[in-house]
Amino acid sequence: MNWLSRIVAIAVLGTAAPVQAQERGDSRAYFTGEQLWEFCGRSVSGLPPDVCTGYVVGVLDSASYVFSMLEFTGRLSCRPSGIPTSEVTDVVRLYLQQHPSSRSYSAASVIMRAMSASYPCPPPPSQRAAP
């Protein structure tokens with residue numbers, strides 16, 4: 001893996017840290033879950049604002065890119081391909097509503113947590129119970 005891939009990976013994966021660190025001067029994350037909740041209209045009803053959809057899809061695309069650059073073979077979520085952007089945005093809005101304490105974390109980490117919770121992966125064959 002080249003140095004640029006490592007820098008990109010550290011930048012994206014570093015957003016999973018709690019944003020409370022920003023209060024101590026650490027500004028790794030651009031937006032908090034609370035700000036994402038504001039971008040998304042503070043509601044799960046109606047169409048989400050475009051900025052909400054754009055941010056959610058941008059984080060998911062960025063994570064996908066970084067994981068492919070790192071040749072990461074694990075899965076954080078098993079979101080089926082072809083899911084409309086409106087559905088993944090609704091998943092995030094619902095997660096933000098149901099988990100208000102998550103809003104203190106970075107917006108990117110909240111999005112990844114929402115995907116993992118809504119589209120969990122089955123356990124690997126080695127961890128499945130024998131019949």
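Biologist: At its relative accessibility, does Thr53 count as buried or exposed?

Modeller: Thr53 counts as buried, because its relative accessibility is 16%. Buried means under 20% relative accessible area, exposed means over 50%, and partly exposed lies in between, with a 1.4 Å probe and only protein chains considered. Before going further, please keep in mind that this is a predicted model, in which local features need pLDDT of at least 70 and side-chain atom pairs count only at pLDDT 80 or more, while totals for chains, interfaces and linings use all residues. Residues are numbered from 1 along each chain as its sequence is written, and side-chain values use heavy atoms, with hydrogens and water left out.

Biologist: Where is Thr53 found, and which residues does Thr53 touch?

Modeller: A contact means heavy atoms within 4.5 Å. Thr53 is found in helix H3 and, when residues up to four places away in sequence are not counted, touches Pro48, Thr85 and Thr89. The C-alpha atoms of Thr53 and Glu87 are separated by 9.6 Å, although these residues are 34 apart along the chain.

Biologist: How many helices and strands does the chain have?

Modeller: Helices (H or I, at least four residues) and strands (E, at least two) are DSSP runs, numbered from the N terminus. Here the chain has 5 helices and 0 strands, and 32% of its 131 residues count as buried. Among contacts between residues at least 6 apart in sequence, 73% join residues at least 24 apart.

Biologist: How is the span of a helix read, and what should the 12 residues of H5 span?

Modeller: The expected span is 1.5 Å times one less than the number of residues. For the 12 residues of H5 this should be 16 Å, and the end C-alpha atoms are 17 Å apart, which agrees. The 14 residues of H4 should span 20 Å, and the end C-alpha atoms of H4 are 20 Å apart, in agreement. H3, with 20 residues, reaches 28 Å from its first C-alpha to its last, close to the 28 Å expected. After H3 comes Glu71, whose phi is positive, near 55°.

Biologist: At what angle do H3 and H4 pack?

Modeller: Two packed helices are described by the angle between their axes and the distance between the axes. The axes are lines fitted to C-alpha atoms, for helices over the stretch in contact, and the angles run from 0 to 180 degrees between N-to-C directions. Angles under 35 degrees count as roughly parallel, over 145 as roughly antiparallel, 65 to 115 as roughly perpendicular and the rest as oblique. H3 and H4 pack at an angle of about 95°, with their axes 9 Å apart, and are therefore roughly perpendicular to each other. Their contact is made by Cys52, Thr53, Val56, Val57 and Leu60 of H3 and by Thr85, Val88, Thr89, Val92 and Arg93 of H4.

Biologist: At roughly what angle do the axes of H4 and H5 cross, and at roughly what angle do those of H3 and H5 cross?

Modeller: The axes of H4 and H5 come within 9 Å and cross at roughly 100°, so H4 and H5 are roughly perpendicular to each other. The axes of H3 and H5 come within 10 Å and cross at roughly 80°, which makes H3 roughly perpendicular to H5. Where H3 and H5 meet, the residues include Val59, Leu60 and Phe67 in H3 and Ala108, Ile111 and Met115 in H5.

Biologist: Which residues have the most contacts inside the largest nonpolar core?

Modeller: In soluble globular proteins, nonpolar side chains tend to be buried together. A nonpolar core is a set of buried Ala, Val, Leu, Ile, Met, Phe, Trp, Tyr and Cys residues joined through side-chain atoms within 4.5 Å. The largest one here has 22 residues, and those with the most contacts inside it are Leu36, Leu60, Val92, Ile111 and Met115. The elements that give two or more residues to this core are helix H2 (33–39), H3, H4 and helix H5 (107–118), and H5 gives the most, with 7 residues. Leu60 touches Arg79, Val88, Ile111, Met112 and Met115, not counting residues up to four places away in sequence. H2, H3 and H4 are included in what covers the buried residues of H5.

Biologist: Where is Ser77 found, and with which residues is Ser77 in contact?

Modeller: Ser77 is found in the loop between helix H3 (50–69) and helix H4 (85–98), and counts as buried because its relative accessibility is 14%. Leaving aside neighbours within four places in sequence, Ser77 is in contact with Met115, Ser116, Tyr119 and Cys121.
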